[in-house]
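Hi,

Here is the structure I said I would pass on.

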Amino acid sequence: MKNSTKSLTIKEWNEEDRPREKLILKGVNSLSDAELIAILIGSGNRNASAVELSKQILNHFSNNLNQLAKASLNELQSFNGIGEAKAISIVTALELGKRRRLAQALSVPKITCSKDAYEIFQPIIGDIHHEEFWVLHLNNNNKVIEKQMISKGGVTGTLVDIRIVFKKSLELLSTAMILGHNHPSGKLEPSVADKQLTSKIKNAATTLDIKVLDHLIVTQKAYFSFADEGIL
């Protein structure tokens, strides 16, 4: 995709096409996704403005910001006009968005349903390419004391040592926990191994007087709750 180019700056566009000016005059909510990205990258290339280049990038990722958030620096730099600095700006902005969503979820006074837990897990593991297993450690009011990654694996699975799970629980004196892992394939149905692991952790937790409130399988846009489905 790389060619010798002369960048076109925002100041060289027609005034009505300048996203920064549009943001100032009409507010950030008036901007499209492409216009927001255009502000991040600042300029396009010889053949496309920053907005046009941003539209090309979004189109490549099916106009889905979640898909774009998975892109590597190298993948972004394959677009004509996107160098390392611009690629870093895009990755950084999307990561901030995920962290903001996580901060909002953690501000909930207590977890009252599986959706509350999903809102915490999704920004962490919802759109990654490998499996990770996490635990939310809760106090007696079902407030999250700490979130913990237990293991990281490959595309199809990850090994979980339950001793690590309960070591942190005992340190925190937590009274409950919610388990969560992702399926990069997008399939929500729990495997036999998922069910066996859940049962094993729940039995161990009972001995320690710790409640396992739920186990969520998380994908980019949805989740499966063991508790909601009555199989916990």
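What kind of unit do E3, helix H9 and E4 make? Keep in mind that this is a predicted model. The answer is a right-handed β-α-β unit, with H9 covering residues 192-207.

Let's start with strand E3. Seven of its seven residues (176-182) are buried, so the strand is largely enclosed by the rest of the structure. Both of its faces are covered: one side has Ala176, Ile178, Gly180 and Asn182, and the other has Met177, Leu179 and His181, all of them buried.

E3 also has strand partners. It runs antiparallel to E1 (residues 132-138), and six bridges join the two.

Is histidine 215 buried or exposed? Its relative accessibility is 0%, so it counts as buried; the cut-off for that is under 20%.

The side chain of histidine 215 makes two polar contacts that you can pick out by eye:
- one with the side chain of histidine 181, at 2.9 Å
- one with the side chain of threonine 198, at 2.6 Å

Leaving out residues up to four places away in sequence, histidine 215 also touches others, including Phe133, Leu179, Gly180, Asp194, Phe224, Ser225 and Phe226.

Cheers

How values were computed
Residues are numbered from 1 along each chain as its sequence is written. This is a predicted model: local features need pLDDT of at least 70, side-chain atom pairs count only at pLDDT 80 or more; totals for chains, interfaces and linings use all residues. Side-chain values use heavy atoms; hydrogens and water are left out. Buried means under 20% relative accessible area, exposed over 50%, partly exposed in between (1.4 Å probe, protein chains only). A polar contact is a pair of N or O atoms within 3.5 Å; within protein, one must be able to donate a hydrogen and the other to accept it, and residues adjacent in sequence count only if both atoms are side-chain atoms. Contact means heavy atoms within 4.5 Å. Helices (H or I, at least four residues) and strands (E, at least two) are DSSP runs, numbered from the N terminus. Two strands pair if DSSP finds at least two bridges between them. A crossover is right-handed if, with the strands pointing away from the viewer, the path from the first strand over the helix to the second runs clockwise.
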